[in-house]
Amino acid sequence: MDDCIFCKIVKGEIPAKKVYEDDTVVAFHDLEPQAPVHVLIIPKEHICCAAAVDETNSAVIAHIFEVAAKLGKEFGLDKGYRIVNNCGEDGGQTVKHLHFHFMGGRAFTWPAG
């Protein structure tokens, strides 16, 4: 996707403060953090949203959660963290590239905050 900001980050066309990268995913600090730790974890492959996950690309979701567990340890989030995925316009998705918000370093409430 030529106009996708996350694809441009994957390609190195837009800088990002990366905290993790491998052949499958990249994780970087969110530009508008909502917690002391707020990282986005994205697949390098362009998948528009959670609704587009199927048997051909679902392994990346498991890998994203493996990366999240690793980041939780690296950031010292022993008390826990939150992982959020927004899907579609009504779900609050603003960038049409599958991504997970990994947030920690403070207590969260439900459903917001």
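Which pattern does the protein chain follow when read along the sequence? The protein chain follows α-β-β-β-α-β-β, and its secondary structure comes to 2 helices and 5 strands. Helices (H or I, at least four residues) and strands (E, at least two) are DSSP runs numbered from the N terminus. This is a predicted model, in which local features need pLDDT of at least 70 and side-chain atom pairs count only at pLDDT 80 or more, while totals for chains, interfaces and linings use all residues. Residues are numbered from 1 along each chain as its sequence is written, and side-chain values use heavy atoms, with hydrogens and water left out.

**Overall form**

- The C-alpha trace of the protein chain spans about 35 × 30 × 30 Å along its principal axes.
- Buried residues make up 36% of the 113 residues, where buried means under 20% relative accessible area, with a 1.4 Å probe and protein chains only.
- Of the contacts (heavy atoms within 4.5 Å) with a separation of 6 or more, 55% are between residues 24 or more positions apart.

**Nonpolar cores**

- A nonpolar core is a set of buried Ala, Val, Leu, Ile, Met, Phe, Trp, Tyr and Cys residues joined through side-chain atoms within 4.5 Å.
- The largest such core has 16 residues, of which Val39, Ile41, Leu71 and Phe102 touch the most other members.
- Two or more residues of this core come from each of β2 (25-29), β3 (37-43), α2 (59-74) and β5 (100-104), and α2 gives the most, with 5 residues.
- A second, separate core of 9 residues includes Ile9, Val26, Phe28 and Leu40.
- Leaving aside neighbours within four places in sequence, Ile41 is in contact with residues including Val26, Ile64, Leu71 and Phe102.

**Largest pocket**

- A pocket is an open set of points, on a 1 Å grid over the protein atoms alone, where a 1.4 Å probe fits, with protein on both sides within 12 Å along at least five of seven lines; lining residues have an atom within 4 Å of a point.
- The largest pocket holds about 390 Å³ of space, a volume being the space filled by probe spheres set on the points.
- Its lining has 19 residues, and Phe6, Phe28, Asp30, Leu31 and Leu40 lie nearest the centre.
- α1 gives the most to this lining, with 3 residues.

Methods. Buried means under 20% relative accessible area, exposed over 50%, partly exposed in between (1.4 Å probe, protein chains only).
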